[in-house]
Amino acid sequence: MRMEHWLYKLPLRFRSLFSYKSVEQDLNDELQYHLERKIEENIAQGLTPEESRYAALRAMDSLAQRQEECRETRGVNGIENTIRDIRYSLRTLRKSPGFTTVAVLTLALGIGANAVVFGILNALVLRPVNIPRAESFYGVQQTSGWPYQSYPDYLDLRDRNRSFAGLAGYNITAAGLDTGNNPSRAWLYEVSGNYFDVLGIQPYLGRFIHASDEHGPNSAPYVVLTYAYWHAHFGDDRGAVGRVVKLNKHPFTIVGVAPKEFRGTLLFFSPDFFVPLVNEEQLEGVSYLNDRGKRQVFQVMGHLKAGITPAQALIDLNSIGSWLEKTYPKDVGQRAFTLGRTGLPGDIFAKPVREFVTALMLLAGLILLAACANLGSLFAARASDRGREVALRLALGASRNRILRALFTEAALISLIGGAVGLWGSVLLLRGLSVWQPMPRFPIHVPVTPDGNVYAIALALALVSGILFGLVPVRQVLRVDPYQIVKAGSTAKVGQRVSVRDVLLVVQIAICAVLVTSSMVAVRGLARSLNGNFGFEPRNAMLVETNLSMAGYAGDGVLAIQKRMRDAVAGVPGVKSAALVDNPPLVEGWNVAFVFTDQTTDLRPANSVATAVRYAVSPEYFDAASTTLLVGRAFSQHDDKNAPHVAVVNRLFASTIFGSSAKAIGAYYKMKDGARIQVVGIAEDGRYTTNIAEDPQPAMFLPMLQSPSIATWLVVRSDRDPRQLGEALRTTLRGVDSGLPVYVQTWIQGMDGALFGTRVATVSLGVLGIMGAMLSITGIFGMAAYSVSKRLKELGIRIAIGAQPKEVLQAALGRAVKLLLVGSTAGLILGVLASRVLAHIVYQATPRDPIVLTGVVLAMLFLGIVATWIPAQRALSLDPLALLREE
Amino acid sequence: MSRPSDLVQGTLDLLLLKILALEPLNGWAISQRLKQVSGDILQVSDGSLYPALHKLEQEGWISAEWKASENNRRAKFYSLTRLGRRQLQKETADWTRLSDAITQVVQLDEV
C-alpha cells in the first residue's frame, strides 16, 4: 500500500483504537442526527411522532447491526473485539469453575507430559555437544556400535586419516586425588594430548594440555580441572594453577581450569578433571599404550575438515581399517568403522536411549491425544449447555462469526492457561531430573534443563490441541436455529443423539486403558526381573571394591594383599563365605576374551570360535556368589601358577564350543596368548555385562592365581544387616592396610547401573500410566456429571413418581458406564498388543499375565467408580420438590 | 455487509464519491441528494449508507469533520480527499468502460 494512503489511515486507526469512547460517541451522534431528520420528515408527511420514530428505525434496518458494520470498517475492530472477547471469556470461565478446572488440568497433563518427554528428547538426542562447530564433529565407532579403539589403533587412525582436522581420544577412569591430606576418589578423562585443541576450546585459567606435552609413557604429569571441581574443591582459588597434587601417590601439576560450560564430551558423565592418556600407568597401575588387542580408548572423535562429507571420511577410515587388518593380523580382527554422535558414544549406548525416548514420545503423544479427546467432549458438552445462550445472542443480532470468535477465544484461553500450567510443572520436573544423581557413586547426571525449544513446542502443542478440540462444537453452533431453541426452552436437545462426545470419550478411555495396561506390564516386569535368576544371588551379598593401584600395590604384592584381605574378611563374624573377583557381574565393567579351539594354531582374532565374558575369581567365588556348578568341580588353592591352567565355563560356553556339557568337561580350549585351558566345571548361565535384559553370553571363570588381576573386588555372603556388616568390613580392611581405599555396597546397589534402564522405563511408564488414569477419571467424571446435570428434571420426576435408587442411577449413568466398558475393553486389547513392544525394553515384561489382566480390569473399574461417585451422589440426593419449584 | 440489491456491486462507492466531489455533505444530506439526483431510481437504504461512508473514510478517500448543519445542529460532514479524487477518477473511468461495454453488448442486433 502506498505511503500516502497510510497518512490518512493511520491517525484514524489510532483514534479508533485509543479513543474508542469518542469514536463510538461520534457514531451514535451521526446516526442519531440521521434518525432525527428522518423523524422530522415523517412527521411533516403526517405520521404521529410515535409512528415516525418506528418508520425511521425500520428504514435503518436494525440499528445495532448497522453500527456493528460501521465498527467493522475501522479495521481495528479485530483487536478491540479480541480484547472484549477475552474479557467476556474470562468472565464466563470464572462462572463455571468446574469446567475450567477440569479443562485446564486435562490440557496441563497432556502438555506437561509432552514437554517433559520432549525436554529429554531435546537434551539427549537433538542437542549437539557443547563445543564450537558441533555440526561437523563426529565420533569414530566400530560397525558393531561399540565406540572403543585400542591406543595403537587410535594413533594410526589419527596419523593416517586425511578427513579429520584432528582426532582426539579419551578414556574414563577413577583415581585417588590427594591435595594435601585428604585422598578422595575422583573421576577423570585420560585424554590424548590434542584433546582440547581438537575440540577447539580455550581454558578458563592457565593452559590446557597439548600434543607437545607428550613424550612417551608417564611424560606429562599435568592436570586440567573442570570448572565445577575447581569451584567445589579449590574454592575458586586462582592460585590452584601451578600447584602439585598427588594422583594415586604420583605428583601431578595443575596447569589449568576448563571453562564453566565445558563438562567433557559426554552427555551423562562429567569428569572432575583431565589427565594425559600417556600417563595411564600411574593412574591405572597398568598400561595398554602398546597393546593393540586392548580396546581401551573409550572414544575417538574430531571435526571433519572443511568440504569433507561423512561418507568420504568413512571411506578414508575404512581403508585405514583394512590396512590395520593386513598389517597386524595377530592382534586386529575385523576393523570397519562408522561415524556416530559423541554425546552418547557409539550406537551401542545411543540406540537404546534414542529408542526409549522415541517410545516415550509416542506414549506422551497418546496422553495428549487422550487429553484432547477429553477436551473435545468437555467443550462439546459445554456448547450444548449454552445452546440457549448462543441462540439468544444470535436472535439479538450477534453474527455467527462473532459467536464462533467467542468460542475460539475461550478455547485459546484454556489452551494458554493449561499450557502454562503444564509447562510450569514440566520445568519443575526437568530441573529436578537435571540435578538428580541416579547413581551416587558416579558423576552421572541427566542434563535436561529445558531451553527455548521446549517452551516453543509446549506452547505450540497447547495452542494447536486446545484450539483444535475447543472448536469441536463449531458445527453444533452453526446449526443452531435460534427460533427453535428460544421457543423450546432450556431442555431442548441441541445436537445429534450419538454425539461426537461419546466417540471422543470412548477413544479417550481406550487410550488411557492402553497406558494403564502398559505401565502395569512394565511394573510387573521389573518386579519379576528383580526376582529373576542372574546366575548368581545378589541378595544377602555385599561387594567391597578396592583399589590396589591407588594404594601403590604392584606385581607379586598384589596376590599377597588379595589373600590377606580375603582371609581377614572371611573371619568377620556372620560372614558365610568371602571370595575375590576382578569384576563382579552386572556391576561396573567386564572383560571379554577370544576363545580358540584346541586345534587352532594361528591365534589371530579372525580364527576365534567365540568371544566370552572372562572372570578371574578365587576358589570360594561360586560359593560366595551362589553360582550353581552343574557339573565338575570348583577351583582350589592348588590351581595356581604352577598347576595346569583350568577354567569353569558356563553352560552356553560348553554347548557353543564343545557341543554339550558332557563333552566339555575335561576338554581343552586356547586363549589368545596361547595358554591351553582345561574345562573342569560347568556353571549355570547368568547375566554379566550391562543390563539384566541382555542376551545370554558364553562366560569363563579362571582361577585368580593363574590369571592375576589388579582389579579386585570382594564378594561377601552374609545374613547380617548390610549397614553393620559394612562397618565391620571397613574396620577389618583398615586393619589390613589403612591406606587402602575401599568402597562397600550391597550387590543390589552395585547393580544400579544394570537395573537403570529397566527402572527408568518402569518409572516413566508408571508415571504415564498414572496420568492416563487421571485423564480417564476427568473424562468419565465430566461425562457422568454432565449427563446428570442435563437430566436433573427428568431424574427429579422419576424420583417423584417412585423410582428406586438403582433405576435412577441407571438412567443417570447408564450411558457413561456403557462407554467406559466399551473404551476399557478396546484399550485392554490394544494395550496387550502394544505390550509386546515393551518386552524389548523391560526384561520379563509380558502382557499374558493373569495378574496384569485382572489388575487392569480392576484399575479401570476403580477409576470408573471414583469418577462416577460424585455425579451418582448428586443424582441420588435430588430433591424433586426443590427441582420442580425451580423450573 | 448488506448492499442494496439493485445497485451494481461497488457502484455505491462511486456514487458517494461523485456526490461528495461536488460539495461536502452530511449523511442525511447525502441520502437526500442520492434520491434527488437519481430521480428515486437508485434507492440506497438508510442502513447501508453509513457502513459504506465509514468504509470510504477508513480507506482515506473521504474525510469527516463535525460542523453546524443547515438547520444549525451538529452533523458529521464528509468531503473528498486528494486520494479520494484520484479514486473517483479511476472508478469513473472503470465505470465508463464497463457501461460502454455492456451497452455495446445490449445493443447487438438480434438475428
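Student: Why are α12(A) and α25(A) called roughly parallel?
Tutor: Helix α12 (residues 346–385) and helix α25 (residues 752–790) of chain A pack at an angle of about 5°, with axes 10 Å apart. Angles under 35 degrees count as roughly parallel, over 145 as roughly antiparallel, 65 to 115 as roughly perpendicular and the rest as oblique, so this pair is roughly parallel. The axes are lines fitted to C-alpha atoms over the stretch in contact, and angles run from 0 to 180 degrees between N-to-C directions. Mind you, this is a predicted model: local features need pLDDT of at least 70 and side-chain atom pairs need 80 or more, while totals for chains, interfaces and linings use all residues. Residues are numbered from 1 along each chain as its sequence is written, with chains lettered from A and ligands numbered from 1 in written order.

Student: Which residues make that contact?
Tutor: Contact needs C-beta atoms, placed from the backbone, within 7 Å. Among those on α12(A) are F356(A), L360(A) and I367(A), and α25(A) brings residues including L768(A), M771(A) and L775(A). By class, the contact has 15 nonpolar, 8 polar and no charged residues. Ala, Val, Leu, Ile, Met, Phe, Trp, Tyr, Cys and Pro count as nonpolar, Asp, Glu, Lys and Arg as charged, and the others, Gly among them, as polar.

Student: What makes V191(A) count as buried?
Tutor: Buried takes 20 or more other C-beta atoms within 10 Å, exposed is 12 or fewer, and partly exposed is in between. V191(A) has 26 such neighbours, so it counts as buried. It sits in strand β3 (residues 184–191) of chain A, and touches residues including A168(A), Y170(A) and F274(A). V275(A) is 84 residues away along the chain, but the two C-alpha atoms are separated by 6.0 Å.

Student: Why is strand β12 of chain A called largely enclosed?
Tutor: Of its 7 residues (575–581), 5 are buried, so the rest of the structure largely encloses it.

Student: What makes β12(A) and β20(A) a pair?
Tutor: DSSP has to find at least two bridges between two strands. β12(A) and β20 (residues 711–718) of chain A have 6, in the antiparallel sense, so they pair. V581(A) has W713(A) as its bridge partner in β20(A).

Student: Why do β1(B) and β2(B) count as edge strands?
Tutor: The open sheet has 3 strands in the order β1-β3-β2 (chain B), paired antiparallel. Each of β1 (25–26) and β2 (62–68) has a single partner strand, so one side of each lacks a neighbour in the sheet. β1(B) is joined to β3 (residues 74–80) of chain B by 2 bridges, and N26(B) stands opposite F77(B).

Student: Which element gives the most to the side of chain A that touches chain B?
Tutor: The contact takes 23 residues from chain A and 18 from chain B. On the chain A side, α2(A) gives the most, with 8 residues. By class, that side has 7 nonpolar, 5 polar and 11 charged residues.

Definitions and conventions: Two residues are in contact if their C-beta atoms, placed from the backbone, lie within 7 Å. Helices (H or I, at least four residues) and strands (E, at least two) are DSSP runs, numbered from the N terminus. Lists of a residue's contacts leave out its neighbours within four places in sequence.
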